[in-house]
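Notebook open, viewer running. I want to go through the helices, the sheet and the cores, and jot down what I look up.

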Amino acid sequence: MCGIVALVGSQEAAPQLLEGLRQLEYRGYDSAGIATVNREGLLTCLRAKGKLVNLSQRVDQQGAPGQCGIGHTRWATHGKPEERNAHPHRSGDGGVAVVQNGIIENHRILREGLERDGVVFQSETDTEVIPHLVSAELKRRVADGDPVDGTTLLRAVQAVLPLLQGAYALAVIWQQAPGALVVARRAAPLLIGLGEGEFLCASDTPALAGFTRTILPMEDDEVALLSPLGVELYDGEGVRQQRMPTLL
């Protein structure tokens, strides 16, 4: 089973992402990866086949700066257990990164449409359609005058989700909005952990245990924008939700 960890806050994200992924190792996996974005808009994506220690060594050697990031442990479904199929997956320009649990059932149709538009895929996975779709939507919105910020990332993800058929939990970052993280779920678990100026999202509670006891479980078709300022939670119709968190 795959695992997701995502974080935005004031501290370096990579150490906390790796620790969260360690807490999810029990789920089984064949590869792992993280992507981070720093305040200057540098998006770094590091992936490794095999055990998490291989990824940790790569992070130590190459660095993954930034206070916002996403991480994933993958059990191969679409595509062989190779580094190129490991998450996170990025858009063609490298500016959008995505991790995802679940299955995008119509990924072949989406892939064919994107390829007709000139998109070159780097993996065999169903997930890779998502960053390409989000990136195209972001470019369209920015060209139309939308601001380059987390709200525009949120709206781009909200516009793409109806195109996806199947079950998913996903997290998205964009290099042009380094203080923003967007997460969404449909028929796959995803929990938001609330800290002091920091917010951690994970697919299971062990990844949150050392971070916070205050959690906000997401419901089906919900989307959330996380930033150091707080959490904005929306239902599938785009209506802002207000719900009290619970304690682990």
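This is a predicted model: local features need pLDDT of at least 70, side-chain atom pairs count only at pLDDT 80 or more; totals for chains, interfaces and linings use all residues.

Started with H3: the buried residues here are His-107, Leu-110, Arg-111, Gly-113 and Leu-114. Buried means under 20% relative accessible area, exposed over 50%, and partly exposed in between, with a 1.4 Å probe and protein chains only. Helices (H or I, at least four residues) and strands (E, at least two) are DSSP runs, numbered from the N terminus. Looking down the axis of H3, I see its buried residues fall within an arc of 165 degrees, so they line one face of the helix; the arc is that of the directions from the helix axis to the C-beta atoms. The face turned away from the buried side carries the exposed residues Arg-108, Ile-109 and Arg-116. The cover over the buried residues of H3 includes E6 and H4, where contact means heavy atoms within 4.5 Å. After H3 comes Gly-118, with a positive phi near 100 degrees.

Residues are numbered from 1 along each chain as its sequence is written, and side-chain values use heavy atoms, with hydrogens and water left out.

**H4.** I looked up helix H4 next: residues 129–143, 15 residues, reaching 21 Å from first C-alpha to last. That is close to the 21 Å expected at 1.5 Å a residue, the expected span being 1.5 Å times one less than the number of residues. Its buried residues include Val-129, Ile-130, His-132, Glu-137 and Arg-141. Among the elements covering them are helix H5 (150–160) and strand E7 (166–174). Just after H4, Gly-145 has a positive phi of about 105 degrees.

Not counting residues up to four places away in sequence, Val-142 touches Val-148 and Trp-174.

**Cores.** The largest nonpolar core has 29 residues, and those touching the most other members are Ile-130, Val-134, Leu-153, Leu-161, Leu-164, Leu-170 and Val-172. Such a core is a set of buried Ala, Val, Leu, Ile, Met, Phe, Trp, Tyr and Cys residues joined through side-chain atoms within 4.5 Å. Elements giving two or more residues to this core include H3, H4 and strand E12 (223–227). I also found a second, separate core of 26 residues, including Leu-43 and Cys-68.

**Sheet.** Eight strands make an open sheet, in the order E3-E2-E4-E1-E10-E9-E11-E15, with antiparallel pairing; two strands pair if DSSP finds at least two bridges between them. Strand E3 (43–49) and strand E15 (246–247) are at the edges with a single partner strand each, so one side of each has no neighbour in the sheet. Helix H1 (residues 13–22) packs on the sheet, touching strand E1 (3–8), strand E2 (31–37) and strand E4 (68–74), and its direction makes about 155 degrees with that of E2. Axes are lines fitted to C-alpha atoms, for helices over the stretch in contact, and angles run from 0 to 180 degrees between N-to-C directions.

**E3 again.** E3 is mostly covered, with six of its seven residues buried. I count seven bridges in its antiparallel pairing with E2, and Ala-32 has Ala-48 in E3 as bridge partner. The E2–E3 hairpin has five residues between the strands, and Gly-41 there takes a positive phi near 85 degrees.
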